Each structure stands twice: as C-alpha cells, then as structure tokens.
Amino acid sequence: MSTACPADLVHFAEELAEASGAVIRPYFRSHPPAEDKADLSPVTVADREAELALRALIEKRHPSHGIIGEEYGSVRESASHIWVLDPIDGTRAFTTGKPMFGTLIALLRDGQPLLGVIDQPVLRERWLGAAGRPSTFKGAPARVRSCPGVGRAILNATNPMMFKGVDAAAFARVQAAAKQTNFGGDCYAYGLLASGHIDLVIESGLNLYDFAALAPVIEGAGGLFTDWQGKRIERGSDGHVLAAGDAGVHREALGLLAAR
C-alpha cells in the first residue's frame, strides 16, 4: 500500500459502516429467521438488507466502482476500484445473540486492499485501516502488541472445523506451540489483534469478502497479514490467512505451518 488512500474514500467507508449498522441493529436478538445457503452457511434478512443498503450508496456515489458482495454477487469486476462487502461476517453468532460478528467493508485498488473497515454495529466498535494512515479503533490509534514468541502467544481461529487434511495438521502444530488458543469471533478477532489483545489469528477456507477488509486494519496497526506462505494478501489469495501482531511470532508461525 504505497499510495495513500484519499480522505474522501475513508469518509465514505465510514458512511457505509453507519448505514449498514442502522440496518443491522434492529434485527439483533429479534430472532430473524435464518435460511441455509447452498454451502449450508446461514443468511438472514439483516445480511441481505444491509448489503442492499451498502450497494445502493456505492451505486449513487461511485457508480464507476465495482462491487463484490457475499449476498448479491459482483458488478463491474474489471473496475480499478472495487468495494468488497460482507454485511454480517459471523452470521452464526448473530443468529444466536452473540455480538461477536461484524460488517466488513473493503476497497481494492487494482486488486490490492486500499482500505478496510471492521464494524461491530451493536457494540458500536469500529476498526478502520487505510493505506498511508495508522489504523484506528473508535477514532483513536490502534496498535498491535509485541510478543516474545509463539510459546507466549494467544492464538485465535473462528472454528477448528475449518481446517481439513494437511491444513488441520499445520494448524495443530501452531496450536500445540501456542500459550493459549481461543475459538470464535470471526472478524472481531482480527480487531482484537489490531488493538493488542491477542497475538495470532490463523484461518483457512476464507473468501475474498471474508479477508479483504482485514489487511489494511492489521497492517495499519503495525501487524502482518499474509497467506500461509508469507505472501501479502490480495484479490487472488487462496483464503489461507495468517495475521500476527509481532514480526518474530509471524516468522515462527510460518515455519510451523510449513513444517512436515
């Protein structure tokens, strides 16, 4: 992210987050019915209405920009600027009344993450990261913490069942070395890492709308956000994610993931 994100796009991303939050909050703990999608992941009216609100604002203000959304697909995928939307990342938590979910809003420029928002609308907590700017949490600087090694690290993943075959063995090596492992949280865990509360998040099987917003937040807070080979995340990444607050812990975790 060598070129700074324009201020007007940062302000617009916050406007988008406000709009999605206004849609989602009334549905929280109101027992909205959940349907199973083709991949058996749940979706609710809150997911759908929030994404429609986001898409409407983008179409009005930036009609030349592309959009990739979890619920309503893609338009203008060849545009230089593409908004990537996950209206509720953590719908399972949302449907069970847990506030461990968030709205993910990202903007890609030429396939690279330019800005990202993790918005928890019920708690009214928001992490924002943008190229050339320090990441913020509720408007104040967010910063990762140092950690002397994986053996002292707190590790997080949304669900142990997301790891299959060799991925499961790789994650198990890091888990065995870590001080503590927590499960759950979806995108909220990455916000906690950006604010210095945990040290590692390792996941696999993610889609672009699951991870595009996370890179600017983590990197702008001083952390690292890569795939399992240490490559920086971009549009074509394969959904294997390693986020770390400390560079030494990141290197050690990469080694454990690659070990046979």
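Predicted model: local features only at pLDDT ≥ 70, side-chain atom pairs only at ≥ 80, totals over all residues.
Residues are numbered from 1 along each chain as its sequence is written, and side-chain values use heavy atoms, with hydrogens and water left out.

Let me start with the helices, which are DSSP runs of H or I with at least four residues, strands being E runs of at least two, numbered from the N terminus. Helix α4 (residues 166-177) packs with helix α8 (residues 247-258) at an angle of about 135 degrees, and their axes are 7 Å apart, where axes are lines fitted to C-alpha atoms over the stretch in contact and angles run from 0 to 180 degrees between N-to-C directions. That makes α4 oblique to α8, since angles under 35 degrees count as roughly parallel, over 145 as roughly antiparallel, 65 to 115 as roughly perpendicular and the rest as oblique. Contact here means heavy atoms within 4.5 Å, and α4 contributes Ala 170, Phe 171, Arg 173, Val 174 and Ala 177, facing Ala 253, Leu 256, Leu 257 and Ala 258 of α8.

Turning to the cores, each is a set of buried Ala, Val, Leu, Ile, Met, Phe, Trp, Tyr and Cys residues joined through side-chain atoms within 4.5 Å, buried meaning under 20% relative accessible area with a 1.4 Å probe, protein chains only. The largest has 35 residues, of which Val 84, Ile 118, Tyr 190, Phe 211, Leu 214 and Phe 225 touch the most other members. Helix α5 gives the most to this core, with six residues. Apart from it lies another core of 22 residues, including Cys 5 and Leu 54.

Notes. Buried < 20%, exposed > 50% of the residue type's maximum accessible area, 1.4 Å probe, protein only.
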